[in-house]
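The sequence and the structure are shown below.

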Amino acid sequence: MATACPPLSLPSTSLLRRSTRAGPSRRPLPTVRCSVVGEAVAEAAVAGTADEPLLVSAIRGKKVERPPVWLMRQAGRYMKAGYEKCRLVKLEQYCQNFVQNAESYQNLCERYPLFRERSENVDLVVEISLQPWKVFKPDGVILFSDILTPLPGMNIPFDIVKGKGPVIYDPLRTAAAVNEVREFVPGEWVPYVGQALNILRQEVKNEAAVLGFVGAPFTLASYCVEGGSSKNFSKIKKMAFAEPEILHTLLQKFTTSMANYIKYQADNGAQAVQIFDSWATELSPVDFEEFSLPYLKQIVDSVKETHPDLPLILYASGSGGLLERLPLTGVDVVSLDWTVDMAEGRKRLGSNIAVQGNVDPGVLFGSKEFITKRIHDTVQKAGNEGHVLNLGHGIKVGTPEENVAHFFEVAKAIRY
């Protein structure tokens, strides 16, 4: 029978101690212990309690039995056919938790073809967010939404067009246009987000952490200035380098609004919030320090004033060149993409911050043996403190669901 992990030699725990803000210092745990996949293992450490989910405990520096695991984009396009597909690929242990008449995401897309139809409807947001929870039982259940969801409430019309992605109808390229951007009031514009988060907390309880998320100021500004996705970011960089005062005004508006949005999500049930700064890595280090870092730090400082115990996670894809600067934002967790070696990433980030990641999403197209090997490698390099197991980016469309199931099964069988 396959085991959940080979013998692991963990990195020195001196690299992994956390600051007092994240929780008390922790004694080193023993090396990772293996179990047969699917075998129950006695739980000597925190496994998620009535008061706190495993994911939150791990981030806060408490002794945990294993790394918590969830996957970016775990709710959505790769989930093709719901219960029947689940049964056919022999995932009975997961199927028993899946409601047999639940619709697949694919079927929901046929009934509600527009993304905003799905992401701005309380019932659909809850159903889609819970689909992977019902099948795989991840340690984090992330809200089904989009980082651009707040834009209409800031007087920035947008849509998400199938095959094209986000479209900003009136790109913000002048001072006059930026002046028309107003502060986002979540309770007025996205009450369905608060309602969905509350329902998710009721459904999941503390068996998993309910996760919210927002877009970072520079990333939101990039979409709004470029008019959508971009390959070279020439328009946002033109504004940054030729008319920086206009960009700074826009960035400040997004900063204030996203800080308020995080607080709103926390007040309605989010137990951790991830900040996506997808496009900040298009900046050079010196420009990151001007156009992204100070605004991220403002958001974190503002949130910590009112919600000091709310874990904040920062994800910026392709951040290898900026890694040492990310902890300066004050976030509790830096999510690494797969282009950074996990052990090297921990060394470069320093000892006062947790990490998330960072298996290559492409690994899930490999064999189960290969998937298992990469999970072990990541957990070994991350060590036994302050690690949330995840992919280094979102799940790819077409990822075999049976491989996702295997990922969770192996990950949840690991023991420190």
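## Helices H12 and H14

In this predicted model, the axes of helix H12 (residues 244-267) and helix H14 (residues 293-306) come within 9 Å and cross at roughly 30°. Helices (H or I, at least four residues) and strands (E, at least two) are DSSP runs numbered from the N terminus; axes are lines fitted to C-alpha atoms, for helices over the stretch in contact, with angles from 0 to 180 degrees between N-to-C directions. H12 and H14 are therefore roughly parallel to each other, a term for angles under 35 degrees, whereas over 145 is roughly antiparallel, 65 to 115 roughly perpendicular and the rest oblique. Their crossing is right-handed, that is, the near helix is turned clockwise from the far one by less than a right angle.

Contact means heavy atoms within 4.5 Å. On the H12 side, His248, Leu251, Gln252, Thr255, Met258, Ala259, Ile262 and Lys263 meet Tyr295, Gln298, Ile299, Ser302, Val303 and Thr306 of H14. By class, this contact has 7 nonpolar, 6 polar and 1 charged residues; Ala, Val, Leu, Ile, Met, Phe, Trp, Tyr, Cys and Pro count as nonpolar, Asp, Glu, Lys and Arg as charged, and the others, Gly among them, as polar.

## Helices H16 and H17

The axes of helix H16 (residues 368-382) and helix H17 (residues 401-413) come within 10 Å and cross at roughly 40°, which makes H16 oblique to H17. This crossing is right-handed. Lys368, Ile371, Thr372, Ile375 and His376 of H16 make the contact with Glu402, Asn403, His406, Phe407 and Val410 of H17. The contact comprises 4 nonpolar, 4 polar and 2 charged residues.

## The parallel sheet

An open sheet of 7 strands runs in the order E1-E4-E5-E6-E7-E8-E9, with parallel pairing; two strands pair if DSSP finds at least two bridges between them. Its edge strands are E1 (140-142) and E9 (387-391), each pairing on one side only. Strands E4 (residues 209-215) and E5 (residues 272-276) pair over 5 bridges, and Val214 has Ile275 in E5 as its bridge partner.

Helix H9 (residues 191-204) lies across E1 and E4, at about 155° to E4. Helix H15 (residues 342-349) touches E7 (333-335), E8 (354-359) and E9, and its direction makes about 155° with that of E8.

## Basis of the values

Residues are numbered from 1 along each chain as its sequence is written, and side-chain values use heavy atoms, leaving out hydrogens and water. Local features need pLDDT of at least 70 and side-chain atom pairs count only at pLDDT 80 or more, while totals for chains, interfaces and linings use all residues.
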